[in-house]
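Okay, everyone, thanks for coming. Let me put the sequence and the structure up, and then I'll walk you through it.

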Amino acid sequence: MIKANQNIAIQQFLPHRQPMLFVDTIILIETNYVEAIYTIKSDQLFLQNDYFSEIGLIENMAQVCSSIIGQKYFIDDDLQKGDLIGYISTIKTCTIFNLPKINQTILTKARLLEVFDYEDYAISTMETQVLIDDKVYATATLNLLLQNHKR
């Protein structure tokens, strides 16, 4: 599935809902790559002194990453929202250079490095980075597990 230059609702690809949804829109999604944006809001979780905290950035990166493997589940017409559960199984590396402030918009890019795809779940390794105006704010390599718990 490849979609480019469209504003794609993240809810199509993730089981997350408010207040734990830290992605506004997918702006590009391919089989092994995704870009998404998120504007830091003043009433959200994981704020500290008007900055989006490290855990918020990590959760944002994980959600963007999981949309790559989540897209195959959500093109299945039989799948109901809420049938999938996603987990960060390992944070292999993570470097936070800066924290974004309230009202800043971050661009998160992620690339699938490898995936082990089974009938009811997928385990993947992803590489990701968060940017504002081409300045890197954070990078990470994550292992994610996405499980269909209704089958």
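So, contacts to start with, meaning heavy atoms within 4.5 Å. Take the ones in the protein chain between residues at least 6 apart in sequence: 66% of those join residues at least 24 apart.

Before I go on, the housekeeping: this is a predicted model, so local features need pLDDT of at least 70, side-chain atom pairs count only at pLDDT 80 or more, and totals for chains, interfaces and linings use all residues. Residues are numbered from 1 along each chain as its sequence is written, and side-chain values use heavy atoms, with hydrogens and water left out.

Now the layout. The protein chain has one helix and nine strands, where helices are DSSP runs of H or I with at least four residues, strands are runs of E with at least two, and the numbering goes from the N terminus. Along the sequence you read β-β-β-β-β-α-β-β-β-β.

How much of the chain is buried? Of its 151 residues, 44% count as buried, and that means under 20% relative accessible area, with exposed being over 50% and partly exposed in between, using a 1.4 Å probe and protein chains only. The exposed surface comes to about 7800 Å², with carbon and sulfur atoms supplying 47% of it; that's Shrake-Rupley with a 1.4 Å probe, and for residues only the protein chains shown count as cover.

Next, the aromatics. Rings of Phe, Tyr and Trp (its six-membered ring) pair if their centres lie within 6.5 Å; planes under 30 degrees apart are stacked, over 60 edge-to-face, the rest tilted. We get four aromatic pairs that way. Phe22 and Tyr38 have ring centres 6.1 Å apart and planes at 85°, so that one is edge-to-face. Phe22 sits in the loop between β1 (3-9) and β2 (25-29), while Tyr38 is in strand β3 (residues 33-39), 16 residues away. Both are buried.

Phe22 pairs with Phe46 too: centres 5.6 Å apart, planes at 50°, so this pair is tilted. Phe46 is in the loop between β3 and β4 (47-48), so the pair ties together parts 24 residues apart in sequence. And the burial of those two? Phe22 has a relative accessible area of 0%, so it's buried, whereas Phe46, at 28%, is partly exposed.

Last stop: Ile123, in strand β8 (residues 121-132). At 30% relative accessibility, Ile123 counts as partly exposed. That's my tour, thanks.
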